[in-house]
Structures are given as C-alpha cells and as structure tokens.
Amino acid sequence: MASVHIQNARKTFGEATVLHDVSVDMEDGSFVVLVGPSGCGKSTLLRMIAGLETISAGDIAIDGKSVNRLAPKDRDIAMVFQSYALYPQMTVAQNMSFSLELVGAKKNEIATKVQHAAKILGLEPLLTRYPRQLSGGQRQRVAMGRAIVRDPKVFLFDEPLSNLDAKLRVQMRAEIKALQKRLGTTTIYVTHDQIEAMTMADKIVVMRDGKVEQIGAPLDLYDRPANVFVASFIGSPSMNFIEGTVDADGQVFYAGSEKRRIPLAICPQNARGKAALLGVRPEHIVIDPQNGVPAEVLVVEPTGAETHLVVSLGGTEVTCVLKERVMLTEGEKVPLSFDASLTHFFDPTTTLRII
C-alpha cells in the first residue's frame with residue numbers, strides 16, 4: 001500500500017495543454033475517483049500515474065518516491081482497463097498468472113496467489129475456462145484478479161464497468177468497493193458516471209477541461225458544491241438553477257422574468273440585494289398547497305417509487321423528484337416549495353458559490 005501525491009502535473013501534446021497544473025493528494029489505503037465529462041483529462045492523468053504517458057511538468061510520487069522517470073513495470077502498480085485485455089488463448093488461471101510468470105515467480109507462489117485471488121473474486125469454478133466462455137462480469141473479475149495477484153501498492157481502474165449492462169454495473173461497483181475495503185490497497189478509479197463516483201469513493205476529484213474543479217468527500221461535494229459545474233455534475237437528476245434577484249433582507253428570491261416570489265430561510269450575506277442563481281436539487285422540492293409557488297406541469301414521469309416532474313416556474317424549467325405518487329397532467333398548476341435550508345446560491349457571472 002502507498003500514498004500517491006500529484007503536484008502541479010501538466011501534460012501537453014505539441015501546442016495543446018490537456019492537463020493544467022493538477023495537484024491531488026491521495027492517502028494510503030484510500031479509494032479516490034477521478035470523475036468528469038469526456039475529454040476532461042481524467043484518463044490522461046491515470047495513464048501518467050501508470051507511466052503510460054510521460055509527464056510534461058510537475059511531479060508524481062508513489063509511496064513518497066517520485067516516479068516521473070520510472071518505467072511502468074517499476075512503479076508497483078496494477079491497472080484494470082475498460083476492455084478487460086484478456087489473452088483469448090489462455091485460461092482464466094493462465095491469464096491471472098501471466099504477469100507473475102514474466103517476473104520469474106516460483107510455481108508454488110504463483111499457484112497460491114492465483115487461488116487466493118480466485119477465492120476472493122468467486123472465480124474458483126472458472127479457472128480452467130477461456131475468456132470466450134465467460135460473461136462480461138466474469139471477464140471483469142478475471143481482469144481484477146490479474147491485478148490482485150501482483151499485490152501492488154496502487155490499483156488503477158480506467159472506466160472498468162463501461163461495457164457492462166446497468167444491472168451488472170450496480171453489482172460490480174459494490175463488489176469493487178467491498179474488495180478495496182478488504183484489501184486496503186490505495187485505489188484510483190476513473191469514470192464519467194457520477195453515481196459510481198458517489199457510491200464508491202472516499203474522495204472525489206471533479207475535473208473539467210484538464211483542470212480540477214473541486215476535491216472532497218462525496219457528500220461534501222453534494223452538500224457544498226464549489227461552483228455551478230460541480231453542482232450540476234454531482235447529483236442525479238441534476239441540480240436546478242433559477243435566475244433571479246435576492247431582496248436586500250435576504251428573505252425573498254424573485255425568480256425569473258415573472259419574478260415569482262420564493263421565500264428564503266437561509267441566505268448568504270454576500271447574495272443579499274444582488275442578482276444570483278438559486279440552486280435547488282430536485283429531491284428537495286415538495287408539493288405545498290399552503291405556501292407553494294404555482295408552477296405549470298410540463299412533463300410527468302412516474303417511476304413507481306417516485307414521480308419525476310418537469311415544471312415551468314417563473315419561465316424556468318425545473319425538475320422535481322417527489323417521493324409520493326401524484327396524479328397530475330400536463331398544463332396543470334401545482335404549488336411547489338423548496339426546502340429552504342438546502343438551497344444554494346451562485347454568482348451568475350463567475351458561476352462560483354456565494355458564501
């Protein structure tokens with residue numbers, strides 16, 4: 001096990017800079033998720049940690065030792081790829097043992113490590129099968145087993161669940177998280193799926209355009225996003241943003257072009273009397289016949305356990321997730337209230353959180 005420290009890491013391809021002075025500290029034994037949209041630089045950063053991409057500037061240290069000039073094989077890391085990368089002509093056991101054979105490990109040591117990894121991953125009945133005889137989830141377990149037998153200091157996962165169906169992704173992310181807790185190995189995991197990030201990580205690094213937008217525990221990012229991008233990326237459905245103005249006393253928000261009056265319980269001093277973006281998550285909106293603000297129903301989506309609504313409030317489309325089943329139709333008026341203690345305020349110009 002080892003800590004990983006990235007200090008002002010930069011990556012350029014010719015004139016183009018794809019990573020801009022990225023700095024992240026990853027503690028020994030932690031599960032860190034790099035998350036962001038396609039093209040944000042998360043996979044490039046992972047490949048730089050692995051040594052598959054050179055670092056243009058800055059420093060990457062594993063277990064306190066700079067690895068900038070070390071070859072991938074000398075970094076004591078193991079990587080699990082999106083494509084599994086299994087050898088089709090080898091059995092499960094041979095795939096798992098191949099890296100140990102390359103470094104000249106003894107046969108009894110190899111057999112012990114393969115059996116240990118197979119037991120952890122539930123692969124014992126499958127050791128004599130070939131990849132073509134396995135399901136997608138089983139192939140992913142084999143790829144993980146190949147990493148486990150090496151007993152590395154750091155596990156690197158590059159979107160390992162992207163090729164699986166939705167039900168299997170849920171199952172596999174739970175298995176990977178449980179495995180990491182059991183082994184205690186520092187793990188760096190890349191995904192574009194914020195649900196994976198929220199459910200698996202000890203620490204999330206949110207990236208956009210080669211820069212780090214925010215670093216923190218999952219619920220810290222959910223409760224106090226640093227800017228509009230993080231607020232919209234973390235949470236599903238995405239946070240709603242309503243343009244408007246806060247009154248001088250910070251007690252009322254006038255929403256949209258229609259200036260609908262939304263009562264406020266908590267408002268930052270710096271937002272009072274100014275234009276602002278009011279952020280509210282869909283799950284923090286309720287139907288309130290007594291004090292609700294009237295909104296026009298645009299779309300009704302019953303899911304069974306919840307009802308998703310898209311409404312027009314003050315000229316702005318707002319998504320709501322209601323915990324109860326409601327019988328509403330398009331065009332109907334519905335009175336909505338926000339949980340005033342869970343609203344967020346952002347500067348409409350800088351998009352930064354107002355505190």
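The largest nonpolar core of this predicted model has 45 residues, and those with the most contacts inside it are M96, M144, I176, Y189 and V206. A nonpolar core here is a set of buried Ala, Val, Leu, Ile, Met, Phe, Trp, Tyr and Cys residues joined through side-chain atoms within 4.5 Å, where buried means under 20% relative accessible area, with a 1.4 Å probe and protein chains only. In soluble globular proteins, nonpolar side chains tend to be buried together.

Local features need pLDDT of at least 70 in this predicted model, side-chain atom pairs count only at pLDDT 80 or more, and totals for chains, interfaces and linings use all residues. Residues are numbered from 1 along each chain as its sequence is written, and side-chain values use heavy atoms, leaving out hydrogens and water.

Contact means heavy atoms within 4.5 Å. Leaving aside residues up to four places away in sequence, Y189 touches F31, V32, V33, L34, F157, P160, L161, I176, E196 and M200.

F338 lies in strand β19, residues 333-338, and counts as buried because its relative accessibility is 13%. Apart from neighbours within four places in sequence, F338 is in contact with residues including I242, I262, L278 and V280. The C-alpha atoms of F338 and V293 are separated by 9.1 Å, although these residues are 45 apart along the chain.

Strands are DSSP runs (E, at least two residues), numbered from the N terminus, and two of them pair if DSSP finds at least two bridges between them.

| Strand pair | Sense | Bridges |
|---|---|---|
| β1 (residues 4-13) and β4 (residues 57-62) | antiparallel | five bridges |
| β1 and β2 (residues 16-26) | antiparallel | seven bridges |

Technical notes:
Buried < 20%, exposed > 50% of the residue type's maximum accessible area, 1.4 Å probe, protein only. Helix = DSSP H or I, 4+ residues; strand = E, 2+ residues; numbered from the N terminus.
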